[in-house]
Every structure is written in structure tokens, then in C-alpha cells.
Amino acid sequence: MIITKQKDIEEIYDMIKPYSKILVAGCDGCCQPPRSINEAKVLAQMLELKARSEGKELKWKAITVLRQCDDRIAATTLRPFIEEYDAIVSLACGLGVGMLNRIIPTILTFPAQNSMFGGVENNSENYFAEYCETCGECLLGVTGGICPMAGCAKNLSNGPCGGQVEGKCEVGGYIHDCAWVKIWERLKKFNRLDLFTNYRPPRNYRIWSSPRFIHIYESSSNIEEKKKEENV
Amino acid sequence: MEKIGSVLVVGGGIAGIQASMDLADSGFKVYLVESSMSIGGVMSQLDKTFPTNDCSICILAPKLVAAGRHENITLLINTNLEKIDGNPGNFTVELKQRSLLLDQEKCTGCGVCAQECPVEAIDFFNEGLSNRSAISVKFPQAVPLVFSIDQELCIGCGFCKGVCKAKAIDYTLEDKSTTLNVGAIVLALGFDEYDPGPTQQYGYGKYLNVITSIQFERILSASGPHSGLILRPSDGIIPKKVAFLQCVGSRDKKHGAEYCSSVCCMYTAKEAVIAKEHMEIIEPTIFSMDVRAVGKDFDKYIERAQNEYGVRYIRSRISDIKEISETKDLILHYENEEGKVISETFNLVVLAVGALPNHSTKALAKKLNIELNSYNFCKTKPFSPVESSREGIYVCGMISEPKDIPETVVEASAAAGAVNILLSDVRNTLVTEKELPKERDTIGEPPRIGVFICHCGINIGGVVDVPEVVEYANKLPDVIHAERNLYTCSADTQTNIKEQIKEHNLNRVIVASCTPRTHEPLFQATIREAGLNKYLFDLANIRDQCSWVHMHEPEEATEKAKDLVRMAVARARKLVPLQEQQVEVIHKGMVIGGGVAGMTAALNLANQGFEVFLIEKSKRLGGFSNNIYHTLEKHDVQELLKDLINKVKNHKLINIFLNARINSIGGYVCNFTTNITFGGDKQKKEFQHGIIIVATGAHEYQPKDGEFLFGKDERVILQSDLEKILFTEEEKIKQLNSIVMLQCVGSRNEEHPYCSRMCCSEAIKNALKVKEINPNLNITVLYRDIRTYGFKEKYYNLAREKGVIFIRFKDEQPPEIKLENGNLSIYIKKRDIGDIKINADLVALSAGIVADGEANENLAKMLKVPVNDDEFFLEAHVKLRPSDFATDGIFLCGTSRGTATIRESIAQAMSAASRATTILSKDILKTEGIISKVDPALCIGCNRCAEVCNYGAVGVKYEEGLMISEVNPLLCKGCGDCAAECPAEAITMSHFGRIQIEPMIAEAAKVTVADGRPRIVAFLCNWCSYAGADLAGVSRYQYPPNVRTIRVMCSGGIPKSFILQAFLEGADGVFIGGCHLGDCHYIAGNQDTLRRTEEIEQIIESLGINPARFMRKWVSASEGKIFAETIKEFTEKLQKLGPIENDYKKEKKEIKKEEKKEIILTE
Amino acid sequence: MVFEPKILGFLCNWCSYAGADLAGVSRIQYPTNVRVIRVMCSGRVDPVFIAEAFMNGIDGVLVLGCHLGDCHYISGNYEAELKMKMLGKVLSMINFADRVRLDWVSAAEGNRFAEIVTEFTEHIRKLGPSPIKNDKLKKQILDNLSATKFALCDSRLRALVARQRELTTEGNVYGNIIPIEEFEEILDNAIENEFIRHKILEKIKNEGKSVPEIAKEIKIEPHKVLQHIVTLRARGLVDVDQINEEIPTFISIKEV
């Protein structure tokens, strides 16, 4: 899930200040906490109150989109409304905001959220934790399912470093768990410490640099060739 | 003789109400006879209840209303039982109703008569601390809400008749005799408080500042004489040092009674805690002999009272009190732990008075020919605590022994359970279901609204200009007809409403009168009789929350009444018909646990003709009782067990599964499916059943190896081992010289911080038996508190008479057992008399009762029910639903709920069975009409709804393909919390949903109020705050008329958007009132209110709106005064802030300034 | 200087006023101190009038009506008698009872009228001026009179007085006649209570006071003051002002 955090109301308002009719679009997709129609409505109400405090009138409509990052769904949901509005405020992650800007070329879409990271909700403790950094070179198979990219402040492939004390990481002042200690414990539990002691080669940071795109329908031979090219 | 399917319940306290409700719900006609003017009993006088500090009236009032309007219950107030004839199953009873001097049917409870009555009298409900009139109602929430004339005080001036617009008063009405035929009789007479007055014990009646605990209870109450301020009677000053004296009239052969009243220790602790909560400066001190905190979580409460609230406990019985005549302070002398005599001055002394048998018990027993015990309480059968000596007459509550509220409720249900068996053949023969016309299909019709505005005599009409409101209502959109009535609730107006519906083809009805909490059901029934769905009704509360609270501002009140009517119209236009769902009930039950409790419950159900599956995990039935031979009262347990097992085994409707394990439990109330393996993993079986009773029991604590030399020395044994020796190897005892018993082994410590309830009695039982076998043997009992509650106290006295020595040790200094030269020596530290050493031939450890943690937790997970910190199962409500789980259709009893004696377990088992019968006796179970609904097209499957639902009624069904949330209409209670939480607005709360409330908010915020008065939109929860606002009305506490109230079922059902909408629509302030945290009618809905409103506070602050424009306050049903004061305060605060536009302008100005600055800089 | 009392006379139209006229016609001389207000019946004289008269500095009040049995309105003068009795009870609590007199003068009794006026004037002269003229006492007396006035306004009290004759002579709604002593006891209690309550209200009109403070000021036991405060709070006339440590102060509620 994409973990998002709502921007300061001032910041959102500043973005839409020049407009008087806005469409507030929630997203039923993967962003957490859910940013569906009710959240859109509350944001719209907040913006109206904010506008009023600045002595302005603001007209709004709150809607929600099943998936803002899906061009067809987003387009069919939004298009019937856009003519009446000057701007869109999206409650989706950055993907949604980008997508709306692309498929609705006539007006601007502004983000209401800061997209934080790919993470999951820890239900019992009520927080969201980062689980994956979409690095493009998955190591989870040899780390007992714990991601050292997301979990290690130094992105080490062969940890832990000397900076951990009793399983806590020095970065940030011994608050966060050291991913590598957790990896050790987990592999030990399954009696797979062999995986831990194996050397993991340095990562290929080239494939982690933006902009990235992947042709998912490319034939496998093509991919093989590309790999060779990259290795050269 | 033919049996009769009706029951007479005598006594309308909580016991009588519970018994009546259970019986009426199980298909019997109930006549509830109450000698006073209203049901509710002593509980209605209480401020809070222990150990949860629940507001007493908040939890009781819904029960009163439910009993009052139950179609199978006839309330007979001011009535006594005169004569009885006949046999079990068919009694003829003669009742006499003392004349009220007014017509109960006509009285609307408006209270004008009481205001005009010139005679002042003492208010007994407030224990003489305030005044009332000669014509009065017992308390504002009384059911039925009928006034009556006190014939002793009335001077017959005739004023009340003159002012009564309902023409209810008739001085010529005479006492009325009625003869009824009933199948059984349940006695629930309750108790009288001990009156220390006649002997002036502790100077009561002589010294002004010596009061009784029940008086103090009224002083604490927000609706009491001092509106919750604690003032001492002599001079109206808050007493700093308050002394509570325990055991006044209890455990005292000279004054009062020999037995222990069981409840005083706890209620005193509660009063001390609440006093401290009310006023920080109060320093409570409790003087007690033993602290008898024997119930579930009671010890923790005492612990908290001491540690958190600083309540001081001193172990001493005060012999007398002296008053200082100038200050009216009181001097107490006592001996402290070191043996030093200390004299201390207190500002107020509260006497914790004990319970005496009800003054009418003796006479009634004579009339009914039932036996009483030596204390004049009702005698009951040894192992059937609800059966009196005469068949067909059952007892419950304090009539048989002093006990607390949960035990009383348990017994009430148990008495109903006993009646269930006696009358099961004639169930449903006397209950009548009303024939109703077919419901008209109104779907698709445009709204056609009828508005009926009530004068309520002069109650509304005297303040509000009713004709003007009618004229106004007529102009509102979709209003077809508006009219005014003198009393809209009177019978002729009901007929008129039906006629108007027909004549104008109305499809919505609004009544503008009093509170929906009491009158909505009446009007709903009326429109249903006219063929409309009952949910097409709305009530505008223009009396309790308008005319009564704005008596001096008639114009403003009229404006408010108009607004309230307009709001109701806005809502009514969006009302939709709702249907109660109907589910077929499988008439079978499952009982988990084959101990005494489980077998009793199974037998009770089977004897009523329901098939039962009895699941026992071990190889034999009987459970823990297999180790018990006699009870303290010398009743043979083994005999009982043999008899019970025989009956269970031979009953053709009981299927016993021994050595069984539950694999899975699926389904919900009415239709569970359970899969078990039994007979040592060999056989499997799956069966369906309608209810579940949990009776898994508990076991004896096993001391750790070496704890008090247990397991190291064979002379250190458990109390149960000693019992076995006493009953099977008597000879052994004859050879011993000295036995020491050590109490509280494995109880009341850090690991098990609760009292095991029966160990004290067990020790005394065994001590007495030892003395019987070998009178010369020395027995010493080492204890912390001797907790022989109720009549068990007699045996404690007996043991001391027989020479058993009791030595107390301090909690933090337990005795030490040492092995010296092969002898057992016990050392006890005593600060007052020095250290003691005792040699013993045998040491018996009184091991406590512990829950089977793992098993309970596993079962709890399967049933989706909670366990408490001590791993006992947690009931739905500690006070009033002790036999139910919060999840419908699952019940609990015996030691799985908490420690209990055999007798208590039996009562609980019968209670659980009775509760289960309320479901099993029906063919079809009807669900609530007001529930949440999910629109599958909108649901995004986030499962937030399941996180907030306290009933497990809603959530995403992962196993069924589409991940879409679903509401179980059987479990949903209709709080609306899930709808408020749903980010996708996929969940709609019916009747109080967005479509109904949003138009109301729009209307509420748009109102015009007098100059300078802020517009406030208030959301109040139905159960506490709305009731509190009503009480402000009944008590005529005035507050500013600029509040527009929107009633919701639970404050947790208010989404953030409602509050923002209110501000957007122009409200100057928004108020949310909910139950106190922990008191929520829906378990914990207000926790979500707290979370959401905290967010709202941040949001509006970020928008530049002053956060003081939003207010959240917990208001209980007894806090009418506090509600009025809060609104006053909020209004004043908002007045200072000015209209909301001020906040907007302010922002603008600041920005302009900044802009100017920038310009200067750039220049 | 000789004290010349100011006396107010309420004279019924049919007997006493005519009697006074007769005194005039007959040139019977009497002191000049009395100022007369004509009323249709002595029963019309509301005790509140008299309290107000005293508040305005009148030294004595005379209420004159037809002889019992001769009332032009059948029983108006009986009612006047009961009202004055009630008034007398309240006034005796503040030492003013002596300054009011109810008497009967028929249209034929010009002489009697003059005699009564002369005698009453002398009586008041002897009593001296109304204590309200004493600057030291003025505030206290005014407070007392004001409390008297409001107590007399109490609807319950007036209701009791209004029914007194009926209940003690003809019987109540149950057909029972209430013994006069019993009724008077109830009435006395009610009068005393109302008077004290209004006295308390006067004391806490402008500033909050604690129960012991009020008790000291009006010289009544504190526990009784508290009882009255409870009643007044229930009627919505008094509220808690503030709580200083352990001492709560109470203040009367001004109309919203």
C-alpha cells in the first residue's frame, strides 16, 4: 500500500487559491489510510471554510475514483464533471495526481497528499511501517522476507554494521530496529543461517535511478539481451 | 388443575424488573406489582455503581422504559398483594391498589400540579434532604411517569385539580381491588436500610453531620439535593475530612443484625472514590473491620481507591462519636495498628448502614404461607436459591439474603428460569399480539407530512406561542396538515392522528411535544395502527428542551420551537420505512462445561423441552464439585451431584459428550453450527443450535513447589485435601493437636489480584468440622480479611465460639512456615502484640480459584467474546447483564465468569438458561430496525468498520470472494459508529444517517437567534446527554435558547463532516454530548467520538477558526444541571468570540498587514 | 418637635369611606396625619400594598372595612381579616406588626372613624417614626421589607390564604374540615419559610455568600439556611457562585 499523509491545509489552499470551483477526488485504491469520498468531502469542507476565512466563495464537489492510477477508470469517472470545475484536488498518491494531470489535459490537478512510502499498517499498534523501497533488485528471498533496503538506514546488503546496539540502529538514536538483526533472528528460527552467511554482491544502483520504465510485454529474449547490455 | 401462562412479580426494583422482562420475553404475561409510585427501587436512588462507576440512572432508565412499555408487562403501581389461593401453576391472587386520587391513564406527568401545590413535604427519594410537594412524582425519570397525592399531607385545597389541564385528578377515586389468575409468583421485595435513628446510634439524628450512606449517595448524585456538590448538613460547607463507618446495623447483634450486609464495604469504597472525584480536597477515611471485596474485580477497586484516590483505610470499629458543639465537627477515637489510641476530628461522618429485611416481608410471608429464616429473610432451598418453601412461589434479590446488584439480577433471571420450567406447557397462551393493518407502501410517493403540535396543557402552550408555530409549520415544504392539540398523547388525539393520516393521505407524521425517549414508541404505535411504517415518524422536543428551559423568554422559545419543527420536517422528508428482519430460531442449545453450573443450565433448558448438547472436556461430569463434600451450611454436595448427574444422564433431550473438544463454532444467534471431537479423539460430530451457554468453570490454585513448604513437607496440604480427610479419614484428625489454616494462598496477590470468594467459608467449614470430630484440637486461622459475607457470618461467629482462633496478618507480611527440628512452626509478625509463633501438626493452605487461562482464551477466540485480566470471561455489563455476553445468543455462568459458591453457580446457571430461553422460546427472532447497511457498490474493503464495531456485527468477509463489508443485522445494535468511520460512505446508518441528519444540520445552523446570541448546533447521544438535557427540562434548569439539538443514537455515530458542515452552514459553535467514557451504551462508541473530535479541534484550528467554537462534553442522564450550566458557559464563551464571521475577518486583516509589510520591504 | 406620623388609610367604598364622609359632614375633628386611598372592598387590600407603603416611608397603615357580616361583597372583609392576619405574622418577624391595624367602620359610624384615626395616630406617635428613617438601620429594614413583599407575592402562600376560610369552615375536596389550629400551623410554617427564603435571596442578590455568612447575617442556624438554599436552588432562584477551597458561595439568579 502507498502510505500517504495529508498536506497542511494552508499548502493545499495556496495551490487552489486562484480557482473558485474545484473538484475534490478521493481514491478508493491502495493509499493508506483510505482516502475515499468521506475524506474528500471533509477536505472540501475544510477548503470552503478556509476560503471563507479569506473572504472568498468556493464551490466544490467531492467524488471518489476506484483507482486514480488506472487511466481508464480515472478518465471515465472524472470526465463527466471536469467541465464545470477549474481545478482538481486529488487525494491519491503521487501516481494518481500524475495520472489525472495526464488524462485531463484541460485543467490542473493538485496533490492533497504527500506520498510517503510503500508500507503496511500494523493494526495492533496503529502505525504504518515501510516494507519495500521498490529498488528493483529484490533480496527478500535471502533475508527471510525482511527488506534490508527499507529496514536499514544505510541500505546495506551485508549487515549488520557496527552501529547497532541491542538490535537498535544508531541512526535516529536507537529507536528503530536494526533490520539485519531481525533478519538474523528470523533466519535462525527457520534454521537457514546459511543464507545469512552467504555473501551478497554489491547492488546495481543503476537500475534504481529515475526515470524508470519497464516494457511488461517485451519478450523474454529481449530482456535477456538487455541484461547482457547492462552487464557490459 | 389447568396451568396458567401468567406470572405475578411482586416488587419493582431491579430484581422485579429483570424477572418481569425475562418472563415477558419468554412468552408469559407478567403483572408487575409495586407498592410505591414507580418501579426502579433503591437502584434509582444511587449515584454510581461499583466497580465500574457507571452512572446508575443512565443504565437503569432504559430498563425502566423498556419494562414500562413491554406489551406483555402490566405495571400495577401503588399496589399490594392481599390474598393468595390455589396451587402451583394456578394461583388466584387478590391485589389492592391504593388510590392515587388521579387517573393514571390521563396523567401526562407534566408536573404543573406539583408546582402549584401549596403544601411542602419532605422528599423521601432524597432521603429527607430536600422538599417536594404533597402531589409529586418519585423521581424525574420515573416509570410510569404519574403523579400522585400524598393523602397524609394533602390539605384538600383543590388547586391541583384546578391547574390540571389533562383533567386527571379525581379526589373521589377509591382504592381498587383486583383478582388475577397467575401460574406462578416471583417475590422481589428488596430490603430496608437499617435506620440508626431510633437509638441515636453514633449520634445519628442528634448530630447534624452524621448521615447515612444512602443520604450521602443522594448528596453525591448530580440530580440530588445539592446537584452533586458535597455539602455537610450543618453549614453547607464542603467537608474536608470525611469518615465512613462500616458495619452500622450489620455484624452487630446489639444494633441491627448479626449477618453481614455484603454490599456496604463496596458501596462505601465507591462513595469515597466518587466523593474524591467530585472534590479533590476531600480526604476520605474508612473505618472497617474486614474489607469484604468478594466480587469480580472488587479487590482491584479497593486497591485503586487506596492507591489512586488516596482513600485511607483504618481497621477499627468506632465505639462512639462526640460532637464539638461550636464547629459541629465530630471526634472519633480508634486504635491504630500499633495498638495506640488516637482521637481524630472529622467534618462529616457517613454511616454505612446495612440491609434489613423489607418491612413488609413478614406480613407477606404470612399471607403467602412461606417460611422465613431467623433473620426474617425468606427461606430458600439449599441448592435452589430462588425457590421458597412453597412450590410455585419464587424469590429473588435481597428478599432472601443481602447481595449486590449483579447477584440480584442473576437471581431475578434465575427465578424466571424456575418459572420457565413450571409453566413451559402454557407458554405463549396469554400473550397477545396486536392485529395490525397491512403496512401501506409509501415508496415513491412524495412526502406528505402531518405536524401535530402539543400544548401539553400549559407546559408548552404557556411559554411557546403554539398557534404561531402551527401557522409556521403549515408553510413548510411538504407539510400537508398541521394542527395543535391540548395533549397530543391523550387517547382521543391518537384517534384524531389516525383520522388525519387517512383524510390527508399523510405518509410522514411529526409530533412536536415532549421527549422521544419516553413518547416516541406511543406515537410510532399510533401511526403503525394507521397503516404507516413506524419509522416514518419524528418527534420535535419542544417541551423538555424548549418551553421548560426557556420559561422566561417566550418569544425566543417560540422561535426555537419553530426551528425544531422545521428541523424535524427536514428530517422527516428523508425518512424511509424500515423493516425488522426475522430469523428462524433453532430450538436447541449448547452448554460448554459439565460441572454443576453446566448441568443445571442444561437441565433447565431440557426441562422446558429444548434439546441440549452438553460438552465436557474431561471424562466425567461434576467438575470441581467432585472435591466438595459439604457446604458451610452442612448441605450434602455429593448427594446433589449424584442427583444432578442422574437427571442429566437420563434426560432424553440432553446429549452428553464427554472427553470432548470443540473444533469450531460458526454462525450467530439463532443459528450456530458447532463441530466437536469427543470420546478421546475418536468421534466427530457437527450440530446446529440457537444459543450457547459457557460454563467451563475454573480450578483450584496449585501452590508453586515449595510455596509455604507445599510439596516439600507432606503435613502442608491444601484445604480441599483437608476436606477429603475430614469426610473420609476422620481417625487421622483425632490424632492431631494443632492445625493452622493459612488464607489467601494464590489469591489477592500480584499474580491473582482478586479474592476467591469462598476460601474463608471453606476454612471455617473445615474448622467447624474439625472441632466436631476433635473438640480439643487447636485450630488457628491466619487471615487478611475474613470474608464471610451474608449469612455466612453466623458460622464465623460460631467458629469463634467453638474456640477457633483467628489471627490477622498484614498484606505485606505473610506468615512464614519453617521446619524446625522436624516440626512445623509458623511465625506471624504483629506490631501491636509482638510476634507470634505457632506449632502445627498440619497446615492447610486455602488455595484460591484460578481461571483456566489458555482454555478460556481459546474458547473466547472461537466465540469472539472477551476475557478479563484475570482470564475469567467478561460479561456484557458487569451490573445489569451478568449472564450475557455482548454478543447476542451467548451466555455465561458459574466460575467461568468469576469465583462463586455452588449455590451462586446454580443461580447463575438458571439465570443463563433463562436468558437463553428469551431466544429459544421464540420461533422467530426479530432484529432491530435501526441498523447499519452497506452499499456494496461503494465499499472499498478497507475494514475500518470492523475496527470500530464493538459487537463484531460488521466487517469484510474475506472468505467470500469479493472483499466487501457486510452487516450482520442480528448483531448490529444501531450505534452508527461504522457509518461515521467509513471513508467511502458505503455504510449508511438507517434512520439517523447522513441523508436524514445533513438536512437537519442545514436547518439548525440557519436559524435566526436574538441579537448577539451565538447559534449553536448540538449533537446529543440518545442515552446519556439527550437524557441529561431532558432532565434539565424536567428540573426546569434554565439555559439560553440558542441551542438547536440533533439527537443521534451514539456520539460515535457523528462523522467529522457533520461538524464541518455545521460550521459551513453558519453555526457559531458546535457541541457534542456523549456518555462519560466507560459508560457508553454501545460499549465504547464514545472512544471514537473522542478520537474524531480531537481531530476536529486540530482541523478547525488549522482553518483559523477558534477551537473554542467546538465543545465536547460528557453528560450523563443524571446531570441535567451540568448540561444547563455547560450550555450557559458555552454560550457565554461564544458570545465573547462573537459571530463566526469574526474569525474569518480576523484572518483577512492579518493577511493584509503582512502584504503591506512585504510591500514596504520591497520598496 | 412633636413627631407627626404619616399614616395611610385603605377605606372600603361602602362602609368605611362613607363613615369617613359622615365624620366630615358631621364636622368631627380628627388628626391630619391620615391619607386615604379608597378601595371597593377591604378584601381588595393586597398585603403587598402595605409592605410597599412601609418601604416608601409610611409610619402606619389603617385598613378599614364594613363590619363582619355586613360586607357589600358578602365575604370580602373575612378575606381581608385572613390576609391581614398573614401579613401580621410576617410583619411581626420584623417588628412592624404594630404599625398596621384592621378595623371595621360602618357608614353610620363617623364618630368611630374619628376615634380610630385619633387613637391610631397616637399609637403610632408613641411608637415613633418608622425605623426606615434611621439611616443606620435603613438598609437592613428595607431588605427585610423587600423580603416581606416577595414572600407575600409567593403564589403558594397566597393560595393557602385564599383557601383558608373554605378549608377551615366549609370543608376540603374530601369533605373534611381542617381544624383551624392545624391549618394555622401549616400556614405559619409556610410564612416563616417564605420570609426567610426571600431574606436569603435579598442577602445574596449582588454577591455570593456562603451558608455560614448568610446564617450570621440573618441570625438563623446554618443547617436551616442550607435547607432553604436547597429549596431555592430547586426552584431555580439560586445558584453556586464560586467555590473557594471548601467554601461554596451562593448567589441569586438574575432573570435571563
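How many salt bridges are counted between domain 1 of chain C and domain 2 of chain C? The count is 4, and the points below walk through that spot and a few others.

1. Ground rules. This is a predicted model, where local features need pLDDT of at least 70, side-chain atom pairs count only at pLDDT 80 or more, and totals for chains, interfaces and linings use all residues. Residues are numbered from 1 along each chain as its sequence is written, chains are lettered from A and ligands numbered from 1 in the order in which they are written, and side-chain values use heavy atoms, with hydrogens and water left out.

2. Chain C splits into domain 1 (7-133) and domain 2 (154-252), with bounds that come from an automatic or database domain assignment. Taken over C-alpha atoms, the centres of these two domains of chain C are 29 Å apart.

3. How they meet. In domain 1 of chain C, 13 residues are in contact with 12 residues of domain 2 of chain C; contact here means heavy atoms within 4.5 Å. About 1,200 Å² is buried between the two domains of chain C, and carbon and sulfur atoms give 67% of that.

4. A salt bridge is a side-chain nitrogen of Lys or Arg within 4 Å of a carboxyl oxygen of Asp or Glu. One to look at pairs the side chains of Arg158(C) and Asp46(C), at 2.6 Å from N to O. The interface of the two domains of chain C also has 4 residue pairs in polar contact, both residues at pLDDT 80 or more. (A polar contact is a pair of N or O atoms within 3.5 Å; within protein, one must be able to donate a hydrogen and the other to accept it, and residues adjacent in sequence count only if both atoms are side-chain atoms.) On the domain 1 side of chain C, helix H3 (residues 76-93) gives the largest share, 9 residues. Helices (H or I, at least four residues) and strands (E, at least two) are DSSP runs, numbered from the N terminus.

5. Chain A against chain B. This contact takes 21 residues from chain A and 26 residues from chain B. The buried area is about 2,200 Å², with 59% from carbon and sulfur atoms. Across the interface of chain A and chain B there are 2 salt bridges; Lys41(A) and Glu998(B) meet in a salt bridge at 3.0 Å, N to O. Helix H1 (9-16) and helix H2 (37-53) of chain A are the elements that give two or more residues to the side touching chain B, and H2(A) brings the largest share, 12 residues.

6. The disulfide. The whole structure has 1 disulfide over all chains, counting a pair of cysteine sulfur atoms within 2.5 Å. The disulfide joins Cys15(C) to Cys66(C), with S to S at 2.5 Å, and the link is right-handed, with 100° about the S-S bond. Cys15(C) lies in the loop between strand E1 (7-12) and helix H1 (16-25) of chain C, and Cys66(C) in the loop between strand E3 (60-65) and H3 of chain C, so the pair ties together parts that are 51 residues apart in sequence.

Methods: Buried area is the accessible area (1.4 Å probe) that two parts lose on being put together, summed over both.
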